[in-house]
Amino acid sequence: MRYLRLKSTDPSFNLAVEEALFASTDEKSEPLFMLWQNAPSIIIGCHQNALQEINSHEVEARNLPVVRRSTGGGAVYHDLGNLNFSFLEYRQGVRQTDFKRYLEPIVRGLARCGVEAVIKGRNDLEVQGRKISGSAQRISQGRVLHHGTLLVDADFEAMTRALTPDPEKYLSKGIASVRARVANISSFWDKGTTLESLCDMIAAEVEGMPCTLPQAVREQALRLQAEKYGSWDWNIGKSPAFTSHTEKRFPFGRIQICLAVDGGVITACRLYGDFFAQRPVSEIEARITGCQSSHEALQKALQDVRLADYFSGAEAGSAEAELRSFFLDAL
């Protein structure tokens, strides 16, 4: 395992580095583990409606960068009290997300400094019932990116001002606020531990051998930063004037279906949410766009689509049938 401690704190560059590393990963690549930090910023999931997730007044007042990542999941606030981690590797034939594979070494690294963390839910780490970490994954043609954030000494007041989280996500767990749900690792670690010593302990647990960022990857990251991660179109983007929307929280994440209907025809469809996608949901959007605005037309458009192939976690029990009913009732 190679180990890269990225020194940049620019969120648009750091996410561009991840994508450049991801694109360069192949069957000959040695797995890579990366630790990195971002200056104060908001990082949103690739399927989210940016303007619904952020407090625009706070973003403008503080000039906070809002950057869209390439993975699903929810919006997070980053600052220098967060430690971000990434695993990149090639796994031939892998199709399903596997959070446990990458979270277990993080748990062991935290244990080295006295923090007894456990894996909870689909992608979280908790200590004494409070969240200290969330993760997301991306899989494409055997390449795997798993990344997450560790709350080390984060500013929770700044976090709650910057984000506008889905209240249902917290109230469904009996928790009335973001602040009551999360905790800093520094509240639990052994005396004398620092962020840098935590980095060393985690790197030792993953058996990482220090490396540097290849120049070709750096150059590609700079291009991606200029063309994608630093652009308004990617990070915020334009949305059609939707005439209807419906949303629901499933065990595997929230899905919002937005439709623009004109003259009885669906002229635009957009799927938003904090779900993890196994295939591009743009394929579903394309199937729905152009349909007649009727239950029967939607049913026909989706009749041969296995929705569980797109939404990670929808394979279990009756989730596929429940998800299909949700789509058919979107009008």
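1. In what order do the strands of the open sheet of 8 strands stand? The order is β7-β8-β9-β10-β6-β2-β1-β11, and the pairing is mixed. At the edges stand β7 (118-120) and β11 (209-210), each of which pairs on one side only. Helices (H or I, at least four residues) and strands (E, at least two) are DSSP runs, numbered from the N terminus. Two strands count as paired if DSSP finds at least two bridges between them. As a general rule, strands of a sheet pair through backbone hydrogen bonds, either parallel or antiparallel.

2. The model is predicted: local features need pLDDT of at least 70, side-chain atom pairs count only at pLDDT 80 or more, and totals for chains, interfaces and linings use all residues. Residues are numbered from 1 along each chain as its sequence is written, and side-chain values use heavy atoms, with hydrogens and water left out.

3. On confidence, pLDDT is the predictor's confidence in each residue, from 0 to 100. The protein has a mean pLDDT of 91, and 95% of its residues reach 70 or more. Over residues 170-176, however, the pLDDT is below 50. Beyond near neighbours in sequence, this stretch has 9 contacts in the model, where contact means heavy atoms within 4.5 Å.

4. Arg-2 has Leu-32 of β2 as its bridge partner.

5. Two helices lie across strands of this sheet. Helix α1 lies across β1, β2, β6 (82-90), β9 (130-140) and β10 (143-151), and runs at about 175° to β2. Helix α4 (residues 99-111) lies across β2, β6, β7, β8 (124-127), β9 and β10, and runs at about 135° to β6. Axes are lines fitted to C-alpha atoms, for helices over the stretch in contact, and angles run from 0 to 180 degrees between N-to-C directions.

6. A second open sheet has 3 strands in the order β4-β3-β5, again with mixed pairing. Its edges are formed by β4 (66-68) and β5 (76-78), each with a single partner strand, so one side of each is left without a neighbour in the sheet. On average, neighbouring strands here are turned by 30° against each other, direction ignored. Strand β3 (residues 41-44) pairs with β5 in the antiparallel sense over 3 bridges, and Ser-41 stands opposite His-78 in β5. Helix α1 packs on this sheet as well, touching β3 and β4, and its direction makes about 10° with that of β4.

7. Strand β13 (residues 253-262) and strand β14 (residues 265-273) run antiparallel and are joined by 8 bridges. Ile-255 has Gly-273 in β14 as its bridge partner. This hairpin has 2 residues between the strands, and Gly-263 takes a positive phi near 60°.

8. How do helix α1 (residues 11-24) and helix α9 (residues 215-229) cross? Their axes come within 8 Å and cross at roughly 120°. The two helices are therefore oblique to each other; angles under 35 degrees count as roughly parallel, over 145 as roughly antiparallel, 65 to 115 as roughly perpendicular and the rest as oblique. The residues in contact include Phe-13, Leu-15 and Leu-21 of α1, together with Val-217, Leu-222 and Tyr-229 of α9. By class, the residues of this contact divide into 11 nonpolar, 4 polar and 3 charged. Here Ala, Val, Leu, Ile, Met, Phe, Trp, Tyr, Cys and Pro count as nonpolar, Asp, Glu, Lys and Arg as charged, and the others, Gly among them, as polar.

9. Helix α4 also packs with helix α8 (residues 195-205), at an angle of about 130° and with their axes 8 Å apart. These helices are therefore oblique to each other. Pro-105, Ile-106, Arg-108, Gly-109 and Leu-110 in α4 meet Leu-198, Met-201, Ile-202 and Glu-205 in α8. The contact comprises 6 nonpolar, 1 polar and 2 charged residues.

10. Finally, the axes of helix α12 (residues 295-302) and helix α13 (residues 319-328) come within 9 Å and cross at roughly 135°, so this pair too is oblique. From α12 the contact involves His-295, Leu-298, Gln-299 and Leu-302, and from α13 it involves Arg-324, Phe-327 and Leu-328. Of these residues, 4 are nonpolar, 2 polar and 1 charged.
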